[in-house]
Amino acid sequence: LDEGTYTSVSTIDMVYGNPDSCAGCQTGVEHIYAIGNNSNDRNLYYSLDGGLTWSVVAFATNANLTLTALGLAGNNLIATFGESANPGGYYLSVIDSNTGIPGTSTKVTSGVTSGEVINDIFVLSPRKVFFAADDGKIYKSTNFAGGVVLAESGSTSDNFTRIDGVPASGGGTIMVAGTFGQDVFYSLDGGDTWTQTSGSPLGAVTAVAVLSNKRIWVGTDFPSVEFSDDLGVTWQVIELPEPVGNLLSVYDIAFATDEVGYISVQIDKTGGDDFTVYWTINGGRTWALGESRFAQAIYSSAIFNRIAVPITNNVAVNANNAMLADSANGLYILKGAVK
């Protein structure tokens, strides 16, 4: 995936291993897991040496099945999917904590209504995860092999597209989920109850990043990048720098720390190769392309689907590593310049 090992692989999402999942990934960037998805690829790709070499585990070959997102809960690797005319769900693979090698995967659909796609995953803890799903549903699981139960249903009929969360400043965790109908919901009690924000962003939610209960970021298909400092009462649109073209779409937003964050977008760039990533080192007050953080601005002719950042106790590791899932060229593994 990195530097041409799997140059034709379409990657949808990826995660870094961490000391909770394997004994050999103390720095949080050696073990990498990614899911592929194109007309004949529903595989899990993994590297145990920071992307130098790769192995593959087959999930499914069913052309009606679409992998959508990847999460790591403890040593449980969870890849969500949708499947035409069947319940969506996830593939569950347990990682060997000594070797980092994922075991045989199990397809789990219990609790999901037929025809619904599981669109995104948020790992609250090694024993509890939440899923954004079609038909206005947020599912949760505390028994990964046993399937899911409803955490939110009936407040909206729109598909939930993205979900994210972080520890809240007053304790507990804030989780935020966005819908295709441009609604945003949040939970402050571990997912027991969900409340719709009184204000809405400008379009269908395509990306969510939560920094705290004081700041939420979303990307939309308007297209727009917006943030709220008051739990969604008001939303402020930011203008990304446009050295080469106008914003066309927003695919993902991820923050490695309160200051360091990334946005994957498509811009109207003359000559093609119009998918790129912006970065910030001041909490989103300003954004830039390439320049001093990376050796150069990163452009691709294929979509940067998702962004992954390490989650460790070392802020420098978190702030200076990231991955981009490219829909044609595998993974971009980024190491920022330490400033």
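Predicted model: local features only at pLDDT ≥ 70, side-chain atom pairs only at ≥ 80, totals over all residues.
Local features are reported where pLDDT is at least 70, side-chain atom pairs count only at pLDDT 80 or more, and totals for chains, interfaces and linings use all residues. Residues are numbered from 1 along each chain as its sequence is written, and side-chain values use heavy atoms, with hydrogens and water left out.

**Cores**

A nonpolar core is a set of buried Ala, Val, Leu, Ile, Met, Phe, Trp, Tyr and Cys residues joined through side-chain atoms within 4.5 Å. Buried means under 20% relative accessible area, exposed over 50%, and partly exposed in between, with a 1.4 Å probe and protein chains only. The largest such core has 18 residues, and Tyr-33, Ile-35, Leu-77 and Tyr-91 have the most contacts inside it. At least two residues of this core come from each of β1 (11-16), β2 (32-36), β3 (42-47), β4 (55-60), β5 (65-73) and β6 (76-83). Strands here are DSSP runs (E, at least two residues), numbered from the N terminus. β5 gives the largest share of the core, 4 residues. Another core, of 17 residues, lies apart from it and includes Trp-217, Ile-253, Phe-255 and Ile-263.

**The open sheet**

Four strands form an open sheet in the order β1-β2-β3-β4, with antiparallel pairing. Two strands count as paired if DSSP finds at least two bridges between them. β1 and β4 are the edge strands, each pairing on one side only. On average, neighbouring strands of this sheet are turned by 20 degrees against each other, direction ignored; the axes behind such angles are lines fitted to C-alpha atoms, and angles run from 0 to 180 degrees between N-to-C directions.

**Strand pairs**

| Strand pair | Bridges | Facing residues |
|---|---|---|
| β1 and β2 | 5 bridges | Met-14 and Ala-34 |
| β5 and β6 | 8 bridges | Leu-65 and Glu-83 |
| β6 and β7 | 7 bridges | Asn-76 and Val-94 |

**Around β6**

β6 takes part in two hairpins. With β5 it forms a hairpin that has 2 residues between the strands, and Gly-74 in the turn has a positive phi of about 65 degrees. With β7 (residues 86-94), β6 forms a hairpin that also has 2 residues between the strands, where Ala-85 in the turn has a positive phi of about 65 degrees.

β6 is mostly covered, with 8 of its 8 residues buried. One side carries Asn-76, Ile-78, Thr-80 and Gly-82, and the other Leu-77, Ala-79, Phe-81 and Glu-83, so that both faces are covered.
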